[in-house]
Amino acid sequence: MNIELRKLTLEDYADLKESMLQAYDSMGGSIWPKSSIAKLLNIFPEGQLCIAVDDKVVACSLAIIVEYDEYGDRHTYKLITGDYSFTTHDPNGDTLYGIEIFVHPDFRGLRLGRRLYEARKELCESLNLKSIIAGGRIPGYHQYAEQLSPRQYIDKVKAKEIYDPTLTFQISNDFHVRKVLKNYLPGDKESKEYATLIEWNNIYYQGIDASARSAMTIRLGLVQWEMRLFPNMDAFYEQVEFFVDALSGYKSDFVMFPELFNTPLLQPYNHLPEIEAMRKLAEKTEEIVQKMHEYSLSYNTNIITGSMPLIEDGKLYNATYLCHRTGKIDEYRKIHITPNEQKYYGMIGGDKVQVFDTDCGKVGILICYDVEFPELSRIYADQGMQILFVPFLTDTQNGYTRVRHCAQARAIENECYVAIAGCVGNLPKVNNMDIQFAQSAVFTPSDFAFPTNAIKAEATPNTEMVLVVDVDLHLLDELHHYGTVKVLKDRRKDLYQVKLLK
């Protein structure tokens with residue numbers, strides 16, 4: 001499955017029409033004609049967004065810009081849209097007005113609506129508009145209309161005593177209700193023709209001459225995972241989904257789990273030699289990756305799955321996966337295998353070194369021991385890497401110190417951010433996985449734009465927790481061109497070179 005959020009085009013109308021008919025079946029299948037979509041695309045193309053799943057449009061949001069004070073809080077849908085002609089669109093207005101958002105019923109479990117709302121917010125910020133305002137249906141109200149007034153119904157939805165499929169979703173996406181509108185959308189029987197006037201305020205708005213927040217700020221979510229025994233796979237997935245859900249709630253662009261974080265699942269095989277037990281665990285890898293893939297789509301976040309054993313052609317690898325929220329999956333296999341991994345598990349190293357393109361820039365992945373070899377991250381830097389992710393697993397503080405200091409060095413010498421995430425806790429019933437030590441962190445280059453100790457954030461040692469960190473890619477560009485020192489530019493390529501041989 002491939003999910004793509006992009007601008008709508010007129011060529012999408014056939015898919016759009018089909019999805020609208022399905023989405024509005026309860027309202028008699030009322031849809032926007034092709035001429036209306038054409039006009040919106042002509043006057044405000046960047047405001048018309050859609051989501052295509054496997055190249056078919058299944059969700060859409062439409063918007064215009066208005067000078068809101070000209071209409072005020074008592075407007076109707078017909079008035080704000082200029083009798084559905086969109087003559088009210090004003091490129092110099094101060095408010096992004098949402099006139100439509102829908103998701104095909106067959107795709108509502110993928111949280112596509114959240115993606116559209118987030119895209120609208122980003123558009124509002126980039127255009128430096130004051131807020132997003134829309135009239136929202138309350139389709140659950142008809143079930144309570146005899147007992148509750150619209151205001152009482154809304155208050156109970158806010159208090160989570162009642163679930164409304166539209167209003168509950170809007171509130172969870174940081175919109176608040178300004179007032180109740182009467183006779184807003186004639187024919188909306190489910191809402192009894194009432195609507196909520198909802199608003200999202202752009203906190204970065206500073207007037208017509210101000211610029212919005214940098215669109216290059218990326219939020220990282222690191223899971224410092226406690227090793228614990230699980231009675232079954234459902235319990236394991238429940239813990240994984242808990243962290244993905246929590247970090248998605250903080251709007252993390254990436255969620256990273258540690259190296260070999262699934263080794264508590266070795267416990268049923270503890271009677272076997274370590275090499276056989278690890279191969280039994282590898283049989284679960286495909287299933288776990290598929291589950292992580294589903295989470296990346298439904299929670300709209302990119303997931304670095306943490307590493308897991310992988311068998312291919314009879315050989316055992318230590319592999320991690322990048323599950324993109326667009327539906328793509330990339331794989332990285334640990335290049336440098338530790339003596340312990342060779343001795344107890346018979347693992348071998350991978351042979352692919354590449355940077356991955358994501359919707360948040362170029363990223364690289366190295367697994368634990370790999371970060372102690374500076375050549376790999378230098379090759380990544382030459383490929384344009386901006387963020388390096390390092391899932392790790394260390395048993396002692398000595399091992400952790402090696403990973404930590406090498407990761408810090410990689411951030412400085414390659415002018416990039418480096419995020420590390422490890423496991424904590426004990427596993428007394430799993431051979432060779434008995435103790436863990438970790439302190440997850442995000443490291444930065446060392447210059448005036450960054451913290452003086454080059455540490456953006458770090459977790460509490462040996463405690464299960466998450467670390468949520470914002471990094472600004474724009475600062476990396478500034479460093480490359482105007483830094484106190486320019487490590488990448490000042491290399492003596494006439495004298496030495498690091499290059500990939502295969």
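**Figure 1. The two sides of helix H2 in the predicted model.** On one side of H2, Ser35 and Asn42 are exposed. Elsewhere in this helix, which spans residues 34–43, the buried residues are Ser36, Ile37, Leu40 and Leu41. These four cover an arc of only 135 degrees around the axis, so they sit on the same side of H2. Their cover includes helix H1 (13–23). Strand E3 (56–66) and strand E4 (95–103) are also among the covering elements. The structure shown here and in every other view is a predicted model.

Figure 2. Ser36 belongs to helix H2. Is Ser36 buried or exposed? Its relative accessible area is 11%, and the cut-off for buried is under 20%, so Ser36 counts as buried. Beyond four places in sequence, Ser36 touches Tyr84 and Phe86.

**Figure 3. Confidence along the chain.** Mean pLDDT for the chain is 92. A value of 70 or more is reached by 97% of the residues. Where does pLDDT stay under 50? That stretch is residues 209–214. For these residues the model has eight contacts beyond four places in sequence.

**Figure 4. The annotated span 218–473.** An unreviewed UniProt entry carries the annotation "domain: CN hydrolase" for residues 218–473. In the model, the end C-alpha atoms of this span lie 7 Å apart. Helix makes up 29% of the span, and strand 29%.

**Figure 5. The second largest pocket.** This pocket holds about 510 Å³ of space. Its lining has 23 residues. Which of them are the closest to the pocket centre? They are Thr338, Asn340, Leu393, Thr394 and Asp395. H10 gives the most, with four residues.

Figure 6. Rolling a probe the size of a water molecule over the atoms shows where empty space is left. Searching the whole structure turns up one cavity of 30 Å³ or more. The largest cavity contains about 50 Å³ of space. Which residues line the largest cavity? Leu266, Asn270, Leu272, Glu274 and Ala277 are among them. Tyr345, Val430 and Asn431 also belong to the lining.

**Figure 7. Asn128, a positive phi in a loop.** Most residues other than glycine have a negative phi. Asn128 is not a glycine, yet its phi is positive, at about 55 degrees. This residue sits in the loop between helix H4 (112–126) and strand E5 (131–136). With a relative accessible area of 10%, Asn128 is buried.

Figure 8. Cys368 is not a glycine but has a positive phi of about 45 degrees. Where is Cys368 placed? It lies in the loop that runs between strand E15 (361–365) and helix H11 (374–382). Its relative accessibility is 6%, so Cys368 counts as buried.

**Figure 9. Helix H11 and its cover.** The buried residues of H11 are Leu376, Ser377, Arg378, Ile379, Tyr380 and Ala381. What covers them? The cover includes three strands, namely E13 (329–333), E15 and E16 (387–391). Helix H12 also takes part in covering the buried residues of H11.

**Figure 10. Phe356 in strand E14.** Strand E14 spans residues 356–358 and contains Phe356. Phe356 is buried, at a relative accessible area of 4%. Neighbours within four places in sequence aside, its contacts include Leu322, Asp330, Glu331 and Tyr332. Gly361, Lys362, Val363 and Ile365 are also in contact with Phe356. Tyr153 is 203 residues from Phe356 along the chain, and their C-alpha atoms are separated by 48 Å.

**Figure 11. Gly425 in strand E18.** Gly425 is part of strand E18, residues 423–426. Which residues does Gly425 touch, not counting those up to four places away in sequence? They are Glu226, Asp434, Ile435 and Gln436. Arg74 is 351 residues from Gly425 along the chain. The C-alpha atoms of Gly425 and Arg74 are separated by 58 Å.

Methods
Residues are numbered from 1 along each chain as its sequence is written. This is a predicted model: local features need pLDDT of at least 70, side-chain atom pairs count only at pLDDT 80 or more; totals for chains, interfaces and linings use all residues. Side-chain values use heavy atoms; hydrogens and water are left out. pLDDT is the predictor's confidence in each residue, from 0 to 100. Contact means heavy atoms within 4.5 Å. Buried means under 20% relative accessible area, exposed over 50%, partly exposed in between (1.4 Å probe, protein chains only). The arc is that of the directions from the helix axis to the C-beta atoms. UniProt positions are given in the numbering used here, feature names are shortened, and annotations may be inferred rather than shown by experiment. On a 1 Å grid over the protein atoms alone, a cavity is a set of points where a 1.4 Å probe fits but cannot get out, and a pocket is an open set with protein on both sides within 12 Å along at least five of seven lines; lining residues have an atom within 4 Å of a point. Grid points are joined across faces, edges and corners, and a volume is the space filled by probe spheres set on the points.
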